[in-house]
Structures are given as C-alpha cells and as structure tokens.
Amino acid sequence: TSREIRAADPAAGAAADKAPPPAVIARKRLAGDDWPHFLGPTGDNQSAERGLEPKWPDDGPKIIWQTMLGTGYASPVVSEGRLFQFDRVGGRARLRALESETGKFLWQFDYPSEYVDLYGYDNGPRASATVDEGRVYIFGAEGMLHCVDAHTGKPIWKVDTAADFGVVQNFFGVGSTPVVFGDLLIVQIGGSGAQGATASGVEQALPDGTGVVAFDKRTGKVKYKLGDELASYSSPALAEVGGRPWCFVFARGGLLGFDPAKGTLDFRFPFRAAKLESVNASNPVIVGDQVFVSETYGPGSALVKFRAGAYDVVWSDADRPRRKSMQAHWSTAIHRDGYLYGSSGRHDTNAELRCIELATGKVLWSEPDLTRTTLLYVDGYFVSLGEKGTLRLIKVTPEKYEEAAQATLVEKEGTFGPTPLLKFPAWSPPILSHGLLYVRGAGRLVCVELIPLDKLTPRQATR
C-alpha cells in the first residue's frame with residue numbers, strides 16, 4: 001500500500017500526547033482568539049473579538065509584518081502564537097511556522113509535489129492547514145495528506161489519498177480543507193477506484209463510497225467511509241443540532257448530511273449545475289436546523305431544513321430561472337440575524353456583494369463593481385477583501401450597503417511610486433487572531449493591526 005503510518009499504534013499516539021509542552025512563545029497579545037482552522041474557530045468566518053475602530057488612515061491599517069509566498073491560495077491559520085502557512089515553491093509543497101506577531105521563522109516542513117493544473121491556474125495548495133492538539137494537518141493539491149508536529153514540524157503520518165482511494169484529478173486539484181471532530185480527521189476524498197486517472201477522465205469517474213473518509217487523527221488509520229460522491233472544493237462543516245452532532249459536506253453532486261461520530265448518512269440533497277465544467281466551492285452555512293448552500297454555475301442557492309434521516313427544501317433558486325438569490329463562487333456567505341451576506345457572481349465583472357433574507361432568499365440590497373470578494377465578520381462590521389487587493393470595512397445592516405472605510409495596502413514610495421502589496425488573485429479569505437488581520441494576495445502575506453492592543457477586549461488570556 002502507498003499509505004505510510006509513522007505513529008500507527010495507539011501506544012505511540014498516547015506517548016506523544018503525554019510529551020512535555022514546548023517552550024511558550026513570548027507574546028504581547030494574550031487577549032482574543034486563535035484561528036486554528038479554515039473559516040475560524042466557529043467555522044463561519046466570524047470573529048468574537050471586540051475593540052474594532054471603524055475608521056482607517058488613508059493608507060489603511062498599520063502594517064506589522066509581511067512575507068513573500070510561493071504559489072497557492074490557502075489562508076494561514078494561527079494557534080498558540082504560531083502562524084502556519086501552506087504554499088509551494090518549485091517542486092515542493094511547503095508548510096512554514098512563523099511567530100504570529102512578528103513573522104519570525106520557526107520551522108519548515110516540505111515534500112515533493114508534481115501537481116500540474118490543467119486549466120492554467122497555479123500549482124500550489126488550495127486547502128488551509130488545520131491545527132488541533134499540537135498537530136497540523138495539510139492536504140495538498142495532489143492529494144497528499146500529512147500530519148506533522150505543530151511545535152517542531154516533524155512528520156507524524158501521511159496518506160497518499162489519490163493512490164489509496166483512486167482519486168481522479170479534479171479540475172483544480174484538491175481544494176477541501178479537513179476538519180477535526182473528536183478523535184477523527186474528516187476529509188472530503190471523492191475516490192472512484194480509477195487508479196492513475198487524470199482530469200480528462202472526470203466525466204467517466206464513478207464514485208465508490210469514499211466521498212468522505214474519516215481518519216484517526218493520531219495515526220492516519222481509516223475509521224469509516226461514506227457517500228457516493230466525487231470531491232468538490234467546499235470543506236466539511238460541523239454543528240451540534242437537536243442534541244446530536246452533524247457534519248455537512250457540499251460535495252460535487254450535492255449536500256451530504258451525516259453523523260460524524262457514527263459515520264452514518266442521514267440524507268443527500270442533489271444540487272449541482274448541469275454543465276460538466278462546474279464546481280461546488282463555498283461552504284455550507286448552518287443556521288439552527290437549516291443549512292444554506294450556494295454555487296455560481298447554474299442552480300444558485302438553496303435553503304434546506306434537516307432532521308435525522310431526512311430533509312425538506314425551504315426554498316431553492318433552481319425554481320427561479322432568471323433571478324437567483326445568490327450565486328456564490330468560492331466565497332462562503334456569512335449569516336447575521338436572519339440575513340446572509342456574500343459575493344454573488346462567477347466573474348469579477350458581474351460579481352455583486354449581496355444581502356439576502358435567509359427565510360425567503362429575497363435580495364435586500366446588491367452592490368456591484370467590487371469584484372469577487374471574501375468577507376470576515378468582526379464587531380458589527382465586515383472586513384471585505386477584493387480579489388484585486390482592495391480592503392473595505394462594511395457596516396453589517398440589511399438596509400443598505402454602507403462602507404465605513406477603504407484602503408489599498410502599499411509598499412513605501414520608491415522610484416516608481418507606491419506599489420500595491422496585495423495583488424490579484426487575492427482569493428483567500430482574511431483571518432483575524434488576537435487583533436491582527438492576515439491577508440494574502442499573489443506571492444505575499446501581510447499582517448496588519450485591525451484592533452489596537454489597548455482596545456482589544458480580553459476575551460481570554462491564555463498562552
């Protein structure tokens with residue numbers, strides 16, 4: 001088999017758990033929250049931090065540090081004073097750990113990657129790292145799944161998912177970030193049993209029950225498999241509803257709802273564009289016992305009410321041939337107080353930032369000419385990052401589009417004048433941890449102070 005387990009027995013995992021904690025990284029910003037996985041601690045790109053100042057200087061928030069990046073689209077994550085950035089340089093995929101407040105280099109883990117994007121996009125990772133209990137999980141564009149020590153970068157286990165599950169290379173490679181549930185690492189795999197196939201065979205690929213695979217997070221051993229689905233670019237979303245755990249995966253052919261503890265499927269809601277060259281990429285948005293899904297290639301959006309073993313469609317854009325409520329591309333909508341806010345549109349020229357009513361899908365306002373954007377909620381505002389690098393601060397209100405601030409981060413003036421730091425494509429959602437905002441564009445990650453240290457509300461004070 002191609003699977004390599006470096007800490008495969010329970011005793012080894014237990015020993016690692018009992019290892020002494022690493023040296024504490026000196027930090028000034030003890031208040032606030034870590035951002036340990038894609039879309040943040042609550043999985044919906046919303047921050048609970050307070051102290052935001054809604055006015056920016058003309059040149060934007062204060063730049064704290066920056067670093068050059070290789071290729072890829074993955075957002076960073078932050079845990080215990082460490083920032084983890086997954087990218088690719090040359091023929092090697094790379095995970096770096098940096099001090100989150102200073103950008104100081106701590107360690108690097110890398111491995112060979114031969115992924116080639118057949119549609120001309122770059123060859124770097126699409127999925128963010130996931131941090132849990134002193135381990136970092138990365139899922140490369142070519143399908144290599146690694147677990148490494150978060151404090152040292154030493155490898156713990158790895159699985160070649162493409163080889164082990166016969167994954168046909170999807171249009172843009174692997175782009176779904178794994179999530180941790182208890183002792184499990186839940187990964188959207190989408191195997192077909194077709195060994196060695198390439199993207200030219202996507203149309204012929206047949207799912208074989210490995211739409212989702214749960215691995216033991218300590219050893220990499222398979223615990224269960226479910227779902228006759230190929231993979232999408234959406235990531236699993238977790239929730240506790242009705243006294244039990246739920247996991248939702250917006251797979252290539254539709255939405256799967258299942259029990260992540262037992263690995264039992266509750267329902268499959270078919271939802272995908274008819275055209276072959278289309279993808280589901282935004283994450284499911286869970287609101288109580290309802291879940292919202294959206295895509296940009298055809299049907300648009302839908303709201304589903306779920307329960308154990310079944311679902312009901314509350315409303316669907318598939319029934320609206322022309323006026324779709326929202327058509328999210330890769331950016332996940334954010335729910336606030338009965339309304340959804342998100343970027344709608346397939347291309348930068350037709351994209352609009354929208355607010356819709358959750359219960360009905362009714363469009364309340366729509367703002368054009370912002371290009372495709374990603375949103376982060378904090379303290380009554382959205383931080384919006386446009387794909388060409390423009391940062392905006394937008395008041396959260398269903399009444400109208402209300403912009404509080406706008407900025408383009410630039411290098412200091414030189415011979416040729418100011419140079420924008422965030423260049424197209426700035427497709428990764430911004431993240432916020434301990435008052436610091438991290439944003440990336442092509443080839444660069446920039447850390448700015450969104451909430452000043454003396455304003456940051458001390459929600460927690462742990463190292």
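A: In what follows, a residue counts as partly exposed when its relative accessible area lies between the limit for buried, under 20%, and the limit for exposed, over 50%. The model is predicted. Aspartate 312, with a relative accessible area of 38%, is therefore partly exposed. Its salt-bridge partner is arginine 307, and the closest N and O atoms of aspartate 312 and arginine 307 are 2.6 Å apart. Arginine 307 is partly exposed as well, at 42% relative accessibility.

Salt bridges that share partners also form one network, which joins Asp132, Glu133, Arg135, Asp183, Lys217 and Arg218. Over the whole structure, the search finds 22 salt bridges.

One of them links glutamate 449 to arginine 29, with 2.4 Å between the closest N and O atoms. Glutamate 449 belongs to strand E34 (residues 444-449), whereas arginine 29 sits in the loop between helix H1 (10-17) and strand E2 (46-47), so this pair ties together parts that are 420 residues apart in sequence. Arginine 29 is buried, at 6% relative accessibility, while glutamate 449 is partly exposed, at 22%.

A further salt bridge brings together the side chains of lysine 305 and aspartate 289, at 2.7 Å from N to O. Lysine 305 is in strand E22 (residues 301-307) and aspartate 289 in the loop between strand E20 (285-287) and strand E21 (290-294), so the parts tied together here are 16 residues apart in sequence. Lysine 305 counts as partly exposed, with 34% relative accessibility, and aspartate 289 is likewise partly exposed, with 29%.

Key
Residues numbered from 1 in each chain as written. Predicted model: local features only at pLDDT ≥ 70, side-chain atom pairs only at ≥ 80, totals over all residues. Heavy atoms only, no water. Salt bridge = Lys/Arg side-chain N within 4 Å of Asp/Glu carboxyl O. Helix = DSSP H or I, 4+ residues; strand = E, 2+ residues; numbered from the N terminus. Buried < 20%, exposed > 50% of the residue type's maximum accessible area, 1.4 Å probe, protein only.
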